[in-house]
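Here is a short briefing to read alongside the model. Have the sequence and the 3D view open, and follow the topics in turn.

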Amino acid sequence: MIKKVLIANRGEIALRILRACKDLGIQTVAVHSTADEEAMHVRLADESVCIGPPPVRESYLNIPAIISAACITGADAIHPGFGFLSENATFAHMVEEHGLIFIGPKADHIAMMGDKIMAKKTIARLELPTVPGSDGALTKIDKAIKLAEEIGFPVLIKAAGGGGGRGMKIARSKDDFITSYEMARHEANISFGNDRVYLEKYLENPRHIEFQIIADKYGNAVHLGERDCSMQRRNQKIWEEAPSTVLDSKFRDEFGNKITKAISAIGYIGVGTLEFLYEKGQLYFIEMNTRIQVEHPITEMITGIDIVREQILIAGGEKLSFKQNDIKFHGHAIECRINAENPDTYMPSAGVIKNYHCPGGPGVRVDSALYEGCKIPPYYDSLIAKLIIHGYNRQHCLARLRRALGEYVISGVDTLIPLHLKLANNQNIINADFNIHFLEKLSEKTD
Ligand code: ADP
């Protein structure tokens with residue numbers, strides 16, 4: 001049993017993990033940069049250690065400082081949260097080398113899924129459908145063009161090490177291809193230190209649908225249904241829903257079972273998400289995230305399962321306490337990512353929170369580390385709160401969402417609250433009629 005967890009993260013996810021630890025009677029150690037001395041995750045943890053100056057390379061990505069903090073405070077496990085070191089196989093390996101538990105999958109699985117080419121090959125071998133594309137990395141431009149012609153334009157050139165919606169370039173014709181290919185390789189090299197790129201058919205009007213899975217080390221694997229994360233800006237999610245409105249329960253059960261079989265076959269342990277694009281009744285795998293995701297709460301709302309708690313218990317060597325048949329889906333949930341950004345331009349907005357009033361009432365959950373007077377430093381991700389709503393069905397959920405967004409007051413920085421209000425009142429969204437391009441098209445109309 002784990003007794004003390006060091007949380008190698010900040011903001012709302014650090015608090016989310018801290019809360020799960022408290023529920024389990026586990027002691028917590030917060031780490032923070034000098035910019036986060038007064039942050040809520042530091043205030044609420046049992047102990048805290050300053051690990052460096054504000055830039056992430058010197059603090060939240062500083063592996064020696066984080067592992068030293070765990071050793072000095074006598075922590076027996078490290079939870080990486082999401083972002084930062086959560087999908088760094090070297091870090092996971094080093095944590096274990098120091099006799100600590102990494103609360104996540106094995107380093108080999110992180111490495112396997114972190115390379116999107118290897119991930120697609122693995123998943124295809126397990127007989128799950130993947131987006132049509134190249135078998136591996138593109139090596140010769142003439143061969144790549146030939147393949148693109150075979151698959152049919154438009155195609156997407158994607159970075160093997162990509163993430164965060166970056167490192168993707170569309171080629172709409174043969175003439176575009178060389179420029180897009182060179183740009184994708186260049187960007188991949190700069191952003192991810194790896195210029196390997198691969199080819200995928202560009203799906204014109206898909207939805208982004210992902211399945212949450214959880215597996216223990218005794219071979220038990222369960223899926224917790226799907227989330228629709230089609231509402232994106234610059235390939236990054238800002239509004240997520242569970243369940244999706246396009247899968248029925250038969251499809252969900254059958255496809256979910258195929259996924260859990262695949263996960264068991266590779267011996268995956270921990271929580272994870274398999275991401276797919278959905279078009280014309282078919283799901284096509286794009287990638288797997290080997291960590292807890294930002295949008296995990298909507299799955300918690302419809303299943304009643306505390307995913308972070310289960311993640312910690314599994315890492316401590318416990319058996320999953322439920323089977324697939326125990327999972328029942330109730331109602332509908334929506335998460336709005338409240339980013340500190342201009343709602344029209346998405347420009348990040350740093351500053352001090354002047355007024356803060358959090359919504360409440362039935363069906364409302366807010367995951368956030370905000371408080372009046374707290375600083376939003378310019379160095380980190382702009383996500384400052386997640387508004388998570390549950391309702392008996394989708395319309396009920398949307399009504400509660402509009403009510404909660406109307407109550408939410410955050411002043412001192414720009415936020416996406418006005419954009420979410422616009423979305424919650426949009427007739428296409430009310431009718432569940434959207435795909436991954438919805439938001440882009442909406443802003444083109446408003447411009
Ligand atoms: P990242 O790891 O950077 O998030 P993903 O492969 O998960 O990259 O893709 C992010 C988003 O980019 C998807 O949710 C989708 O909106 C878009 N996308 C990715 N692959 C394709 C594709 N083949 N066709 C159309 N859109 C795609």
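**Around the ligand**

- An oxygen atom of the ligand sits 3.1 Å from a side-chain N or O atom of Glu275, a polar contact in the sense of a pair of N or O atoms within 3.5 Å.
- For His208, the distance from a side-chain N or O atom to an oxygen atom of the ligand is 2.7 Å.
- Glu200 places a polar side-chain atom 3.0 Å from a nitrogen atom of the ligand.
- In total, 21 residues surround the ligand, and the closest are Gly165, Lys201, His208, Gln232 and Glu287; a residue is counted if one of its heavy atoms lies within 4 Å.

**How to read the numbers**

- This is a predicted model, where local features need pLDDT of at least 70 and side-chain atom pairs count only at pLDDT 80 or more, while totals for chains, interfaces and linings use all residues.
- Residues are numbered from 1 along each chain as its sequence is written, and side-chain values use heavy atoms, with hydrogens and water left out.

**The S12–S13 hairpin**

- Strands S12 (residues 270-279) and S13 (residues 282-289) run antiparallel and are joined by seven bridges; strands are DSSP runs of E with at least two residues, helices are H or I runs of at least four, and both are numbered from the N terminus.
- Two residues separate the strands of this hairpin, and Lys280 in the turn has a positive phi of about 45 degrees.
- Thr273 stands opposite Asn289 in S13.
- Six of the eight residues of S13 are buried, so this strand is largely enclosed by the rest of the structure; buried means under 20% relative accessible area with a 1.4 Å probe, protein chains only.

**The five-stranded sheet**

- Five strands make an open sheet with parallel pairing, in the order S3-S2-S1-S4-S5; strands pair if DSSP finds at least two bridges between them.
- The edges are S3 (47-52) and S5 (101-102), each pairing on one side only.
- S1 (residues 4-7) and S4 (residues 77-79) share three bridges, and Leu6 has Ile78 as its bridge partner in S4.

**Nonpolar cores**

- The largest nonpolar core has 39 residues, of which Trp239, Leu387, Leu401, Ile410 and Leu423 touch the most other members; such a core is a set of buried Ala, Val, Leu, Ile, Met, Phe, Trp, Tyr and Cys residues joined through side-chain atoms within 4.5 Å.
- Helix H12 supplies the largest share of this core, five residues.
- Apart from it lies another core of 32 residues, including Ala14, Ala20, Ile26 and Ile103.

Key:
Buried < 20%, exposed > 50% of the residue type's maximum accessible area, 1.4 Å probe, protein only. Polar contact = N/O pair within 3.5 Å; in protein donor to acceptor, adjacent residues only side chain to side chain.
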